[in-house]
Amino acid sequence: MLTTFRLLPVLGLLVACAPQDVPPPSRSAQFDSYPQRLFDTFEIECNGPGEEFRKTGSRVFECAELLPPETTAYLILNYDGYPQDLPKSILRMVSTKNSTGYRVDAELFFNVPQQKGASVQVPVESKALDQAISALFQSMGGSPT
């Protein structure tokens, strides 16, 4: 699967100094308190060319990134995309308050705008990505779930 998302190398750098226990691959983690440092880091790292950070709700954070031309063309052709509104990769993190603190869920997908109707969201599945996200959560004080 294509994983051109620029944040992945950053995730690797962030967790390089973390304990080398390999967490179970997961895109979710439980935190005792609100993980402000995680979201601050996420926002700071989403600042490269073609990237845009968005806070789309009180606890929903996204990093959108333009894709390479080949990937863009593939998504437009295979998902009936609208060439005037290019597809992007989206890494979304959502925090939810619960009885033991906060649960954070990460999601990575390609967003393919359509000429008419809602955009198509193509999920990106990757065990390596899941492990990198788990390691990031763990290095920021979370327990992968």
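Me: Before we start, what counts as a salt bridge here?
Reply: A salt bridge is a side-chain nitrogen of Lys or Arg within 4 Å of a carboxyl oxygen of Asp or Glu. This is a predicted model, where local features need pLDDT of at least 70, side-chain atom pairs count only at pLDDT 80 or more, and totals for chains, interfaces and linings use all residues. Residues are numbered from 1 along each chain as its sequence is written, and side-chain values use heavy atoms, with hydrogens and water left out.

Me: How many salt bridges are there in the whole structure?
Reply: The search finds six.

Me: What does E107 pair with?
Reply: E107 bridges to R92, with the closest N and O atoms 3.4 Å apart. E107 sits in strand 5 and R92 in strand 4, 15 residues apart. Strands are DSSP runs of E, at least two residues, and helices are runs of H or I, at least four, both numbered from the N terminus.

Me: Which residues are in the salt-bridge network?
Reply: E52, R54, E62, R92 and E107 are linked in it. Within it, E62 and R92 meet at 2.6 Å, N to O, and both E62 and R92 are buried.

Me: Switching to D130, what is its partner?
Reply: R27, with the closest N and O atoms 2.4 Å apart. D130 lies in helix 4 and R27 in the loop between helix 1 and strand 1, so the pair ties together parts that are 103 residues apart in sequence.

How values were computed
Buried means under 20% relative accessible area, exposed over 50%, partly exposed in between (1.4 Å probe, protein chains only).
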